[in-house]
Amino acid sequence: MRIEAHDDYRIAVELSDEDMDELEITYEDLDYSNIETRRVLWTILDEARQALGKEINLSEKMLIEAVPSGKGGCTIYFTVLQKPSEKNIQKLLVKKEVAPVICEFSDVNALIDLSRILIDKISGAKSELYIKDNTYRLLLFPETAYKKRIEAVASEFCDVKESNHDTVSLTREHWKKLSGPYAVNEIGIY
(Lines give C-alpha, C1' and ligand atoms only; values in the text may rest on other atoms or scores of the structure.)
Protein backbone atom coordinates (compact mmCIF):
# COMPACT_ATOMS: atom_id res chain seq x y z
CA MET A 1 0.00 0.00 0.00
CA ARG A 2 1.45 3.33 -1.04
CA ILE A 3 -0.02 6.47 0.55
CA GLU A 4 0.52 10.04 -0.70
CA ALA A 5 -0.91 13.35 0.47
CA HIS A 6 -1.36 15.61 -2.56
CA ASP A 7 -2.38 18.50 -0.33
CA ASP A 8 -4.40 19.09 2.86
CA TYR A 9 -7.60 17.96 1.12
CA ARG A 10 -6.55 15.07 -1.15
CA ILE A 11 -4.95 11.71 -0.36
CA ALA A 12 -4.08 8.98 -2.87
CA VAL A 13 -3.75 5.36 -1.77
CA GLU A 14 -2.34 2.87 -4.27
CA LEU A 15 -3.33 -0.73 -3.55
CA SER A 16 -1.62 -3.70 -5.18
CA ASP A 17 -3.50 -6.89 -5.95
CA GLU A 18 -1.94 -8.34 -2.77
CA ASP A 19 -3.31 -5.41 -0.77
CA MET A 20 -6.76 -6.02 -2.27
CA ASP A 21 -6.53 -9.71 -1.33
CA GLU A 22 -5.49 -8.80 2.21
CA LEU A 23 -8.44 -6.40 2.50
CA GLU A 24 -10.69 -9.14 1.05
CA ILE A 25 -12.20 -6.96 -1.68
CA THR A 26 -11.95 -6.56 -5.45
CA TYR A 27 -12.31 -3.45 -7.57
CA GLU A 28 -15.61 -4.80 -8.90
CA ASP A 29 -16.95 -5.12 -5.32
CA LEU A 30 -16.32 -1.47 -4.43
CA ASP A 31 -19.70 0.11 -3.68
CA TYR A 32 -20.17 2.61 -0.87
CA SER A 33 -23.66 1.28 -0.15
CA ASN A 34 -22.00 -2.04 0.82
CA ILE A 35 -20.87 -2.33 4.44
CA GLU A 36 -17.74 -4.29 3.40
CA THR A 37 -16.65 -1.44 1.11
CA ARG A 38 -17.09 1.05 3.95
CA ARG A 39 -15.06 -1.20 6.27
CA VAL A 40 -12.25 -1.34 3.72
CA LEU A 41 -12.31 2.42 3.11
CA TRP A 42 -12.26 3.17 6.86
CA THR A 43 -9.34 0.75 7.28
CA ILE A 44 -7.44 2.45 4.44
CA LEU A 45 -8.14 5.92 5.86
CA ASP A 46 -6.99 4.78 9.30
CA GLU A 47 -3.71 3.53 7.82
CA ALA A 48 -3.36 6.80 5.87
CA ARG A 49 -3.92 8.77 9.08
CA GLN A 50 -1.17 6.80 10.82
CA ALA A 51 1.26 6.95 7.88
CA LEU A 52 0.79 10.68 7.26
CA GLY A 53 0.43 11.70 10.90
CA LYS A 54 -2.67 13.62 9.85
CA GLU A 55 -6.12 13.67 11.41
CA ILE A 56 -8.77 12.54 8.93
CA ASN A 57 -12.33 13.15 9.97
CA LEU A 58 -14.65 10.52 8.50
CA SER A 59 -17.70 12.69 9.10
CA GLU A 60 -16.56 15.31 6.58
CA LYS A 61 -18.11 15.41 3.11
CA MET A 62 -15.75 13.43 0.94
CA LEU A 63 -15.42 12.35 -2.68
CA ILE A 64 -13.89 8.90 -3.02
CA GLU A 65 -12.64 7.91 -6.48
CA ALA A 66 -11.41 4.43 -7.37
CA VAL A 67 -9.35 3.83 -10.52
CA PRO A 68 -8.24 0.29 -11.44
CA SER A 69 -4.63 -0.48 -12.21
CA GLY A 70 -3.68 -2.92 -14.92
CA LYS A 71 -2.27 -5.41 -12.43
CA GLY A 72 -5.34 -6.20 -10.30
CA GLY A 73 -5.06 -3.39 -7.78
CA CYS A 74 -6.44 0.11 -7.81
CA THR A 75 -5.76 3.66 -6.67
CA ILE A 76 -8.27 5.32 -4.36
CA TYR A 77 -8.39 9.11 -4.07
CA PHE A 78 -9.97 10.68 -1.00
CA THR A 79 -10.88 14.36 -1.41
CA VAL A 80 -12.46 16.43 1.37
CA LEU A 81 -15.03 18.62 -0.39
CA GLN A 82 -16.21 21.08 2.24
CA LYS A 83 -17.05 21.38 5.89
CA PRO A 84 -20.37 19.58 6.37
CA SER A 85 -23.48 21.09 7.71
CA GLU A 86 -25.25 18.89 10.23
CA LYS A 87 -27.85 17.92 7.62
CA ASN A 88 -25.52 17.38 4.69
CA ILE A 89 -23.01 14.63 5.43
CA GLN A 90 -22.47 12.56 2.33
CA LYS A 91 -19.75 10.44 0.80
CA LEU A 92 -19.54 9.52 -2.85
CA LEU A 93 -17.65 6.65 -4.44
CA VAL A 94 -16.87 7.10 -8.11
CA LYS A 95 -15.37 4.16 -9.97
CA LYS A 96 -13.43 5.06 -13.08
CA GLU A 97 -12.84 2.09 -15.29
CA VAL A 98 -10.58 2.61 -18.27
CA ALA A 99 -12.37 1.66 -21.49
CA PRO A 100 -10.97 -1.71 -22.60
CA VAL A 101 -9.74 -2.96 -25.95
CA ILE A 102 -12.71 -4.96 -27.29
CA CYS A 103 -11.78 -7.86 -29.58
CA GLU A 104 -14.33 -9.94 -31.47
CA PHE A 105 -13.48 -13.36 -32.96
CA SER A 106 -15.39 -15.83 -35.11
CA ASP A 107 -12.42 -18.23 -35.03
CA VAL A 108 -11.34 -19.67 -31.69
CA ASN A 109 -7.84 -20.38 -33.05
CA ALA A 110 -7.28 -16.67 -33.69
CA LEU A 111 -8.35 -16.01 -30.07
CA ILE A 112 -5.83 -18.55 -28.79
CA ASP A 113 -3.05 -17.18 -31.03
CA LEU A 114 -3.65 -13.62 -29.86
CA SER A 115 -3.74 -14.73 -26.22
CA ARG A 116 -0.39 -16.48 -26.64
CA ILE A 117 1.15 -13.28 -28.00
CA LEU A 118 -0.44 -11.05 -25.35
CA ILE A 119 0.36 -13.23 -22.34
CA ASP A 120 3.88 -11.75 -22.16
CA LYS A 121 2.73 -8.21 -22.89
CA ILE A 122 -0.23 -7.90 -20.48
CA SER A 123 0.00 -10.95 -18.23
CA GLY A 124 -0.95 -8.94 -15.13
CA ALA A 125 -3.72 -6.95 -16.79
CA LYS A 126 -7.34 -7.95 -16.46
CA SER A 127 -9.13 -9.58 -19.37
CA GLU A 128 -12.54 -11.17 -19.74
CA LEU A 129 -13.81 -13.63 -22.37
CA TYR A 130 -17.46 -13.90 -23.46
CA ILE A 131 -19.39 -15.88 -26.10
CA LYS A 132 -22.65 -15.22 -27.96
CA ASP A 133 -23.91 -16.91 -31.14
CA ASN A 134 -20.54 -18.59 -31.89
CA THR A 135 -18.73 -15.24 -31.60
CA TYR A 136 -16.10 -14.66 -28.93
CA ARG A 137 -15.56 -11.25 -27.37
CA LEU A 138 -12.39 -10.56 -25.41
CA LEU A 139 -12.25 -7.46 -23.20
CA LEU A 140 -8.65 -6.39 -22.53
CA PHE A 141 -7.80 -3.87 -19.81
CA PRO A 142 -4.13 -2.95 -20.44
CA GLU A 143 -2.43 0.01 -18.84
CA THR A 144 -3.29 3.19 -20.76
CA ALA A 145 0.26 3.53 -22.10
CA TYR A 146 -0.02 0.16 -23.90
CA LYS A 147 -3.59 0.42 -25.17
CA LYS A 148 -2.82 1.61 -28.74
CA ARG A 149 -0.07 -0.99 -29.15
CA ILE A 150 -2.41 -3.75 -27.97
CA GLU A 151 -5.13 -2.55 -30.38
CA ALA A 152 -2.63 -2.69 -33.27
CA VAL A 153 -1.53 -6.24 -32.43
CA ALA A 154 -5.11 -7.42 -31.85
CA SER A 155 -6.33 -6.01 -35.18
CA GLU A 156 -4.17 -8.62 -36.96
CA PHE A 157 -6.22 -11.42 -35.36
CA CYS A 158 -9.73 -10.05 -34.88
CA ASP A 159 -12.18 -7.24 -35.33
CA VAL A 160 -11.36 -4.52 -32.77
CA LYS A 161 -14.62 -2.85 -31.75
CA GLU A 162 -15.17 0.72 -30.61
CA SER A 163 -14.20 0.91 -26.98
CA ASN A 164 -16.85 2.43 -24.73
CA HIS A 165 -18.57 1.64 -21.47
CA ASP A 166 -21.94 0.92 -23.13
CA THR A 167 -20.42 -1.92 -25.15
CA VAL A 168 -18.77 -3.30 -22.01
CA SER A 169 -22.04 -3.14 -20.05
CA LEU A 170 -24.02 -4.80 -22.85
CA THR A 171 -21.39 -7.52 -23.19
CA ARG A 172 -21.43 -8.26 -19.47
CA GLU A 173 -25.23 -8.30 -19.43
CA HIS A 174 -26.11 -10.20 -22.63
CA TRP A 175 -23.10 -12.41 -23.40
CA LYS A 176 -22.09 -15.58 -21.54
CA LYS A 177 -18.88 -15.16 -19.57
CA LEU A 178 -16.37 -17.94 -20.19
CA SER A 179 -13.31 -16.65 -18.35
CA GLY A 180 -12.03 -13.76 -16.26
CA PRO A 181 -10.63 -11.72 -14.65
CA TYR A 182 -7.41 -12.96 -16.33
CA ALA A 183 -8.70 -14.72 -19.44
CA VAL A 184 -5.59 -14.08 -21.55
CA ASN A 185 -3.44 -15.85 -18.96
CA GLU A 186 -5.80 -18.83 -18.91
CA ILE A 187 -6.12 -19.12 -22.71
CA GLY A 188 -2.54 -18.23 -23.62
CA ILE A 189 -0.91 -21.01 -21.62
CA TYR A 190 -2.49 -23.76 -23.75
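Biologist: How many residues apart are E151 and K148 in helix α4 (residues 147-154), and about how many helical turns separate them?

Modeller: Helices are DSSP runs of H or I with at least four residues, strands are DSSP runs of E with at least two, and both are numbered from the N terminus. E151 and K148 both belong to helix α4. Their spacing is 3 residues, which means a separation of about one helical turn.

Biologist: What kind of model is this, and which pLDDT limits apply?

Modeller: Residues are numbered from 1 along each chain as its sequence is written, and side-chain values use heavy atoms, with hydrogens and water left out. The model is predicted, totals for chains, interfaces and linings use all residues, local features need pLDDT of at least 70, and side-chain atom pairs count only at pLDDT 80 or more.

Biologist: How far apart are the closest N and O atoms of E151 and K148?

Modeller: A salt bridge requires a side-chain nitrogen of Lys or Arg within 4 Å of a carboxyl oxygen of Asp or Glu. E151 and K148 form one, and their closest N and O atoms are separated by 3.7 Å.

Biologist: Is K148 buried or exposed?

Modeller: Buried means under 20% relative accessible area, exposed means over 50%, and partly exposed lies in between, using a 1.4 Å probe and protein chains only. E151, at 19% relative accessibility, counts as buried. K148 has 65% relative accessibility, so K148 counts as exposed.

Biologist: Which residues do salt bridges that share partners join into one network?

Modeller: The structure holds 11 salt bridges. Those that share partners link one network, made up of E104, R137, D159 and K161.

Biologist: Which strands hold E104 and K161, and how many residues apart in sequence are they?

Modeller: E104 and K161 form a salt bridge, with 3.8 Å between the closest N and O atoms. E104 is in strand β6 (residues 101-105) and K161 is in strand β9 (residues 159-161), so this pair ties together parts whose separation in sequence is 57 residues.

Biologist: How does K161 count by relative accessibility: buried, partly exposed or exposed?

Modeller: E104 is buried at 17% relative accessibility. K161 has 30%, so K161 counts as partly exposed.

Biologist: Which strands does the pair of R10 and E65 link?

Modeller: R10 and E65 form a salt bridge, and their closest N and O atoms are 3.3 Å apart. The two residues lie 55 residues apart in distant parts of the chain, with R10 in strand β2 and E65 in strand β3 (residues 61-68). R10 is partly exposed at 24% relative accessible area, while E65 is buried at 11%. The strands linked are therefore β2 and β3.

Biologist: Which residue is the bridge partner of E4 in β2?

Modeller: Two strands pair if DSSP finds at least two bridges between them. Strand β1 (residues 2-5) and strand β2 (residues 10-15) run antiparallel and are joined by 4 bridges. They form a hairpin with 4 residues between them. In β2, E4 is partnered with A12.

Biologist: Which residues does L15 touch, not counting residues up to four places away in sequence?

Modeller: Contact means heavy atoms within 4.5 Å. With residues up to four places away in sequence left out, L15 touches M1, M20, L23, I44, G73, C74 and I76.

Biologist: How far from C158 is the nearest cysteine sulfur?

Modeller: A disulfide is a pair of cysteine sulfur atoms within 2.5 Å, and the count by this rule is 0. C158 is in no disulfide, and the nearest cysteine sulfur, that of C103, lies at 3.8 Å.

Biologist: What is phi of N134, about?

Modeller: Most residues other than glycine have a negative phi. D133, not a glycine, has a positive phi of about 50°, and D133 is in the loop between β7 (126-132) and β8 (135-141). N134 is found in the loop between β7 and β8. N134 is also a residue other than glycine with a positive phi, near 60°.
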